[in-house]
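Colleague: Please take me through this model. I will keep asking how you know.

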Amino acid sequence: MKIKYIIPILIISLFSVACSTDDDTDVNELEGLTKVQELSNNTHSIELYTANGQFSTGYNAISIRIKDNVSNTYIENASLTWNPVMQMPTMQHSCPKSTVAKVSGKTTVYEGYIIYQMANLDGSGWSLSVNYTVNGVSYDATGTIVVKQAAKQNVTSFMGSDNKRYIIALLEPKMPKIGNNKMVVGLYKMENMMSFPVVENYTITLDPRMPSMENHSSPNNTDLTYKADDTMYHGNLSLTMTGYWVLNLKLLNAQNEVLKGENITLETVKSSLYLELEF
Amino acid sequence: MKKFIIFGVCVLSSILLNAQEPEYTTKKDTTKLSEITVLGRHTLSNYRQEKTLSSIDDYLEKSNKITMIKRGGYAWEASMNNMNSNQLSVTIDGMQIFGACTDKMDPITSYVDVSNLEKVTVQSGQEGTENGHCLGGGIDLQLPTPSFNGSGLKTTADLGYETNGNYKTAGMDMAYSGNTFYINADGIYRKSDNYDAGGNKEVLYSQFEKYNISLQSGYKLNENESLDANVIYDRATDVGYPALPMDVSLAEALIASVSHNYQNDSTFIKSLETKLYFNTITHIMDDSKRPIVPIRMDMPGWSDTYGFYSKATIKKNNHNMLVNLNGFYNKSLAEMTMYPNNPNESPMFMYTWPDIRTLYTGLYVKDAIAINALETLSASIRMGFHQNKIAKAAGVESLQIFYPNITDSKNRLLTSFSGNYQLKKELFDVALGVGYGERAPTVSEGYGFYLFNSFENFDYIGNPNLKNEKALEANFNANFHKNNLHLGVETSYFHIMNYIIGTINPALSTMTIGANGVKMYGALAHASIFDVYLNASYQLSKPFSINGSLGYNYGTGSNNKPLPFIKPFSYLTEINYATIRFNAALQLEGNGNQSQYSSFYGEDETPGYAVINANFGNVFYNHTNKIVLKYGVENLLDTNYSSYADWNNIPRQGRNFYINLSYILP
């Protein structure tokens, strides 16, 4: 008689242990991520995650999971593409984005980045389509998303002297510190309304300034140069104190011709090409 | 009853002692030799000074070799042999203590008052390394030595008033000394409004207010041993610095020590003093009183020091030895927060002293050997280990902007030695000395981060890679006495290697709004400093004497530019009249034109000046009490002037009448 009761208890406890380990891996895969929203279709829910649970202008590192609405499990073998679109009154355009790929070491999480170069004041206008293939079957999901305007200018879109439109976005430092900071920016060319490829082998000069300190600058900054392994531009940004900094930039093409931006002098206190930072 | 009798006897004997105490005359001692200047109010019970309540700064300034660099009416910085406080060792009774202000607004001398001290020992050059490494010399502000003389209770009250700046001083000192126990308590309060320069021109932001209290107590364990404890608390508020862009809202120090004393005439070691100490300083700069500033900022600083020393004296045959083992650990932290005029922007923050820890341990040995009755040969050596460590990671990272390869710590070995020969005869005495010394860079020189020097109008960046500053030194003194005539000459020469000084880095952008540029601490390959003083005095008759002094200083660097803060030609002459109960003196002092000024280091040519001072003193006896009255006038002609040592040429005090009254209860 007794054993009748014991066995179910044992089974239940075994199950619950198994379940809890499952939960643990889920938690680990989403560590440091907060869900922004879901895009749904009849079969799947596309869960979108960022570090702070929202999209904002500039560089957004985005994690994605695809949940099977029937089995409540996460798809581990999908291949994805995505397309963010901004609906303007008279036209629509996209923005720079990466490919989406499975994160090494994780089973259900796919990753990529999107650089929103603009936002409406109320965050409206952007939508995101995700096209994916699971076991040879194609699906898609689309939904409107909210993109907040970042407090400081961490992305800028401009016309170069070569009559081409470019976008520069700040990736690093995410947590600026007093001292030498690794600075990383992305540089993209607007080929057409929907295509923003990475620009390679240009140079971006750097001159950080504090407007509140009579344009105080710091030494030991280096120009940002292209690195093929992450397709980004890298340099050293030194910050002598906390506060509001304007990172004055100048974009030079492979022939060292200035496409945008000016040198900072007593008269020119700010370059027409700049990013901002406050900490 | 028995106690009462003992107490009575003590009181009586102290009265007798007091009555017999000869009254020394008030005299600005122009013939003072470089070696030791004795000042202070406790030994000053004989009231030798012209102003009983003058500050330590005023006292120090009377030494030939010392000039006070002034940034206002308070907290002057001592310089000796034309070297500033970075190159000196300034200690309080052998205790290391470091100011908490990155802009030198709080020299150590500002944290003690005359009421705390028995005397000040000033030793020039390598003679001054007993308590620490230095090039220019050592200043030790000495606390009273334990006194178990059973003299009972003694109370002194002092009041002072000066017309210029409406400067009020009040002090009180109570001392009880029994045969096995003594206790001293004293307090002093000072408050001054803005002073007026010559011609009734008010110098704005020259006010100050401070008080200082101290307690010292000792217990005699047995015939040879005693335990002592001393606490000093000093607090200055509302201190203006007319020469600087900021004032100080608080400068506070707590200085505490316990010591064990052993004394025995019959053993090999005659005395052994061991002291453990601790002091903490808080310094808050403030610009809230300044109506117009480019940017509002807070600049607090803290300095804590823990240390010990153990000092033994040994006498054997003709050897007279002093051994001093000491060590300290200091934490210096200062920060700056600037508030942008746009309130939507974040405050701007940096560490100006990024929590620098300094650890030092060293040994000093001095031996004076009496060759014969007339000749003495002495030699001293100090060796020590010195370590700086940047405790804040943010500090290392901020300095790596300028020095990408630095690590968080730096070790140094410091060596100093000196030798001295002295010959004393009836008519004359001569002394010849040589020395070699090294010092480590100060926290500001090594690790300062955008420290603004308002004199040169440059921001300064420290340099952790600086080499030790070194000096070779030679000095010579000679005195001649005959009848009532005394003549003296004292001179010293320093050849300094790696002379630490800032050099302009044109590539750097200023931090301070309005600054001319940024300097980084570096070093001149070498520099030379020479000084010579001639002293003479003549006793005309019993009450009348005259004395005079002439000084010449010279300093130049390996870049063939004059060094900054080199004293121009200086002179002082005085006529004295002194009897037992009254004294008077008339004084003329001045500097020549500063022709060797260093425009390269931000100096301008300060014109010569001369001022006339007069002082008087009376002593009254009233039964068992004594009243000492000191009064006089400084800058009688109300000359408007500044000296080479006045920061940004702020003018000195104009005419000032003063009166000091001391009331001594047995």
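What follows is a short exchange about the two chains and where they meet.

Modeller: This is a predicted model: local features need pLDDT of at least 70, side-chain atom pairs count only at pLDDT 80 or more, and totals for chains, interfaces and linings use all residues. Residues are numbered from 1 along each chain as its sequence is written, while chains are lettered from A and ligands numbered from 1 in the order in which they are written.

Colleague: What confidence does the predictor give the complex?

Modeller: The ipTM is 0.82 and the pTM is 0.86. Chain B averages a pLDDT of 89. That score is the predictor's confidence in each residue, from 0 to 100. In chain B, 93% of the residues score at least 70.

Colleague: Where in chain B does pLDDT stay under 50?

Modeller: Over residues 1-47 of chain B. The model has 90 contacts for them beyond four places in sequence.

Colleague: What makes two residues a contact?

Modeller: Their C-beta atoms, placed from the backbone, must lie within 7 Å. By that rule, 19 residues of chain A are in contact with 22 residues of chain B. On the chain A side, β14 (179-189) and β16 (216-217) each supply at least two residues. By class, that side has 5 nonpolar, 11 polar and 3 charged residues.

Colleague: Why is a residue called polar here?

Modeller: By exclusion. Ala, Val, Leu, Ile, Met, Phe, Trp, Tyr, Cys and Pro count as nonpolar, and Asp, Glu, Lys and Arg as charged; the others, Gly among them, are polar.

Colleague: What makes a stretch a helix or a strand?

Modeller: Both are DSSP runs, numbered from the N terminus: helices are H or I with at least four residues, strands are E with at least two. Chain A has 1 helix and 21 strands. Chain B has 4 helices and 32 strands.

Colleague: How do you know that two strands pair?

Modeller: DSSP must find at least two bridges between them. Take β1 and β2 (residues 44-50) of chain A: they have 6 bridges, in the antiparallel sense, so they pair. Ser40(A) has Ser45(A) in β2(A) as its bridge partner. The open antiparallel sheet in chain A has 5 strands in the order β1-β2-β4-β8-β7. Its edge strands, β1 (34-40) and β7 (101-102), each pair on one side only.

Colleague: Why are β4 (95-96) and β5 (119-124) of chain B said to stand at the edges?

Modeller: The open sheet runs β4-β3-β6-β5 in chain B, with mixed pairing. β4 and β5 of chain B each have a single partner strand, so one side of each is left without a neighbour in the sheet. Within this sheet, β3 (residues 88-92) and β6 (residues 137-142) of chain B pair in the parallel sense over 5 bridges. Ile92(B) stands opposite Leu141(B) in β6(B).

Colleague: Which strands join β30 of chain B?

Modeller: β29 (residues 582-591) of chain B joins β30 (residues 609-622) through 10 bridges, running antiparallel. Here Leu586(B) stands opposite Ala614(B). Another 9 bridges join β30(B) to β31 (residues 625-634) of chain B, also antiparallel. There the bridge partner of Asn615(B) is Gly632(B). β30(B) and β31(B) form a hairpin with 2 residues between them, and His623(B) in the turn has a positive phi of about 55°.

Colleague: What makes a residue buried?

Modeller: It needs 20 or more other C-beta atoms within 10 Å of its own; 12 or fewer is exposed, in between is partly exposed, and C-beta atoms are placed from the backbone. Buried residues make up 47% of chain B. In chain A, they make up 37% of the 279 residues.
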